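Here are my notes for when you have the model open.

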Amino acid sequence: MQQIKRQFFALRNGIIADTIRKAGGDYKIIFGLNIPQLRDIAQSIGKNKELSLMLFDNDTTRESLLLAPMIYPVDDLTLQDAIAMVCKTKTYETADTLSHSLLRHFNNAKELCSELIHSDNIMAKYTGLRLFLNLQLPLTDEVVSICKSEIENESSLKYISRQVLDSKI
């Protein structure tokens, strides 16, 4: 973990970190690394469930939360673990990375997607809709109804809901 933190520190970018903070980034520590840099670190680490969970538990550091799903071995992922990770997710950026780097490769991704879309938890529902887009699933009447409801209610999910509906036109 300390070695990873040293890499974060060595690659830090104050301009990006300040931009994220000004945009409302809800993290205590932001090093300002970009996704390609995090992917390079993930590739050098390889898959490591224990380290991934430690990084995910380090919820004060943006880069830890983004790196964690990149190194989690998808073959070790259970539905319960996936839901637990989603429930801990606090930002859209983390949800996007979790969905793209890990959840879309999960054997039960469709089942997970369905469960998340029906959740009352806003971040879980967002992650479900993001996963829906990542999986390029066929649009059903039920998903259309959920998305239209989010748009009509002017919820924080209206933008992702529009993306889901627009992706199938």
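Predicted model: local features only at pLDDT ≥ 70, side-chain atom pairs only at ≥ 80, totals over all residues.

1. Every distance and angle below is computed from it.

2. Start with helix H1 (residues 2-11) and H5, whose axes come within 11 Å and cross at roughly 120°. The crossing is right-handed. On the H1 side the contact uses Ile4, Lys5 and Phe8, and these meet Glu63, Ser64 and Leu67 of H5. Sorted by class, that makes three nonpolar, one polar and two charged residues.

3. Then go to helix H10 (residues 141-152) and helix H11 (residues 158-166), which pack at about 145° with axes 8 Å apart. Here the crossing is left-handed. H10 brings Val143, Val144, Cys147, Lys148, Glu150 and Ile151 to the contact, while H11 brings Lys158, Ser161, Arg162, Val164 and Leu165. The class count for this pair is six nonpolar, one polar and four charged residues.

4. As a rule, nonpolar side chains in soluble globular proteins tend to be buried together. The largest nonpolar core in this model has 53 residues, and the members that touch the most others are Phe8, Leu67, Leu77, Leu103 and Leu112. Helix H9 gives the largest share of this core, with seven residues.

5. Leu77 deserves a click of its own. Leaving out residues up to four places away in sequence, Leu77 touches Tyr72, Ala82, Met85, Leu102, Leu103 and Phe106. For a sense of scale, Thr78 and Phe9 are 69 residues apart in sequence and 32 Å apart in space, C-alpha to C-alpha.

6. Buried or exposed: which is Thr97? This threonine sits in helix H7 (residues 92-101). Thr97 counts as buried because its relative accessibility is 7%, under the 20% cut-off. Its contacts beyond four places in sequence are Ile35, Leu66, Pro69, Met70 and Leu102. Leu102 also turned up on the contact list of Leu77.

7. On to charges. Side chains of opposite charge can pair when their charged atoms come close. How many salt bridges does the structure hold? There are nine. One is local: Asp18 and Arg21 meet at 3.4 Å, N to O. Both lie in helix H2 (residues 14-22), three residues apart, which is about one turn of the helix. Asp18 is partly exposed at 40% relative accessibility, and Arg21 is partly exposed at 40% as well.

8. Two others span more of the chain. Lys88 pairs with Asp57, with the closest N and O atoms 2.8 Å apart. Since Lys88 lies in helix H6 and Asp57 in helix H4 (residues 49-57), this bridge ties together parts that are 31 residues apart in sequence. Lys88 itself is partly exposed, at 46% relative accessibility. Asp96 forms a bridge with Arg130, the closest N and O atoms being 3.0 Å apart. With Asp96 in helix H7 and Arg130 in helix H9 (residues 122-135), the pair links parts that are 34 residues apart in sequence. Asp96 is partly exposed at 25%, whereas Arg130 counts as buried at 16%. There is also a network, with Arg62, Glu63 and Glu93 joined by salt bridges that share partners.

9. Last, a backbone check. Most residues other than glycine have a negative phi. Which residues go the other way here? Gln136 has a positive phi, near 55°, and Glu154 has a positive phi of about 55° without being a glycine. Gln136 is in the loop between H9 and H10, and Glu154 is in the loop between H10 and H11. Gln136 counts as exposed, since its relative accessibility is 64%.

Key. Residues numbered from 1 in each chain as written. Heavy atoms only, no water. Helix = DSSP H or I, 4+ residues; strand = E, 2+ residues; numbered from the N terminus. Buried < 20%, exposed > 50% of the residue type's maximum accessible area, 1.4 Å probe, protein only. Contact = heavy atoms within 4.5 Å. Axes fitted to C-alpha atoms, helices over the stretch in contact; angles between N-to-C directions. Left-handed = near helix turned anticlockwise from the far one by under 90°. Nonpolar A, V, L, I, M, F, W, Y, C, P; charged D, E, K, R; others polar. Salt bridge = Lys/Arg side-chain N within 4 Å of Asp/Glu carboxyl O. Core = buried A, V, L, I, M, F, W, Y, C linked by side-chain atoms within 4.5 Å.
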